[in-house]
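Hi,

Here is the structure I said I would pass on. Have a look at it first, and then read my notes below.

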Amino acid sequence: MALEIKIDKSKFADKPVVEKIYENETVRVVLFYLKSGNLIDLHTSTSTVITTVLKGSGKFYIGSRENIKILTEGETLIYDPNEPHGFEAVEDMIVQAIITPLPIKRL
């Protein structure tokens with residue numbers, strides 16, 4: 001079964017908007033809508049996280065807030081399991097995150 005995903009640019013708000021658009025037994029796909037200046041702070045996941053900028057540009061943090069890579073539309077950054085990561089919109093930005101395997105639930 002194919003799943004068509006449409007980006008809804010009306011979802012930009014004062015705070016980041018996170019939309020889970022797909023999940024099965026092995027993968028989760030999430031869209032992040034961030035206005036310029038919005039931040040997804042550093043965090044970790046037990047999974048591999050593949051981030052792709054679908055619109056705009058932003059600062060992507062790799063391991064710390066001091067290690068930054070600027071990504072623009074069409075660029076991808078892959079984080080290893082348990083690697084601290086986060087991002088901040090330089091301009092209005094939509095980020096797709098593919099998370100696999102599904103994260104282990106922490107107690």
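**Notes on the model**

G37 touches E88 and A89, leaving out residues up to four places away in sequence. Keep in mind throughout that this is a predicted model. G37 sits in the loop between β2 and β3 (39-43), and its relative accessible area of 45% makes G37 partly exposed.

G63 is in the loop between β4 and β5 (68-72), and with 37% relative accessibility G63 is partly exposed. Beyond four places in sequence, G63 touches E83 and P84. The C-alpha atoms of G63 and P84 are 4.5 Å apart, although the two residues are 21 apart in sequence.

**The nonpolar cores**

Now the inside. The largest nonpolar core has 16 residues, and F32, L34, F60, F87, M93 and V95 have the most contacts inside it. At least two residues of this core come from each of β2 (28-34), β4 (48-62), β6 (76-79) and β7. With six residues, β7 gives the most to this core. Another core lies apart from it and has six residues, including I21, V29, Y33 and I94. As background, nonpolar side chains tend to be buried together in soluble globular proteins.

Not counting residues up to four places away in sequence, L34 touches F12, P16, L39, I40, F87, A89, E91, D92 and M93. Two of the names in that list, F87 and M93, are also among the residues with the most contacts inside the largest core.

**A buried histidine**

Is H85 buried or exposed? H85 is buried, because its relative accessibility is 3% and the cut-off for buried is under 20%. H85 lies in strand β7 (residues 85-100). The side chain of H85 reaches the backbone oxygen of E83 at 2.8 Å. Leaving out neighbours within four places in sequence, the contacts of H85 are D41, L42, H43, T44, S45, V49, Y61 and Y79.

**Charges and surface**

There are four salt bridges in the structure. Three of them are described here:

- E19 and K11 meet through their side chains, N to O at 2.8 Å. E19 is partly exposed at 22% relative accessible area, and K11 is partly exposed at 25%.
- K20 pairs with E23 in a salt bridge, with the closest N and O atoms 3.6 Å apart. K20 is exposed, with a relative accessible area of 53%, whereas E23 is partly exposed at 34%.
- R28 and E23 form a salt bridge through their side chains, N to O at 2.4 Å. R28 is partly exposed, with a relative accessible area of 23%.

Taken together, K20, E23 and R28 are linked in a network of salt bridges.

On the nonpolar side of the surface, L3, I5 and Y22 make a patch of about 260 Å². L3 is in the segment before β1 (17-23), and at 48% relative accessibility L3 is partly exposed.

For reference, most residues other than glycine have a negative phi, and most peptide bonds are trans. N82 is not a glycine, yet N82 has a positive phi of about 65 degrees. N82 is in the loop between β6 and β7 and is partly exposed, at 49% relative accessibility. The other place is the peptide bond from T100 to P101, which is cis, with omega near -10 degrees. P101 is in the segment after β7.

Cheers

Terms used
Residues are numbered from 1 along each chain as its sequence is written. This is a predicted model: local features need pLDDT of at least 70, side-chain atom pairs count only at pLDDT 80 or more; totals for chains, interfaces and linings use all residues. Side-chain values use heavy atoms; hydrogens and water are left out. Helices (H or I, at least four residues) and strands (E, at least two) are DSSP runs, numbered from the N terminus. Buried means under 20% relative accessible area, exposed over 50%, partly exposed in between (1.4 Å probe, protein chains only). A polar contact is a pair of N or O atoms within 3.5 Å; within protein, one must be able to donate a hydrogen and the other to accept it, and residues adjacent in sequence count only if both atoms are side-chain atoms. Contact means heavy atoms within 4.5 Å. Patches are made of residues with over 30% relative accessible area and no salt bridge: like charges are joined within 9 Å, nonpolar side chains (Val, Leu, Ile, Met, Phe, Trp, Tyr) within 5 Å. Accessible areas come from the Shrake-Rupley method with a 1.4 Å probe; for residues, only the protein chains shown count as cover. A nonpolar core is a set of buried Ala, Val, Leu, Ile, Met, Phe, Trp, Tyr and Cys residues joined through side-chain atoms within 4.5 Å.
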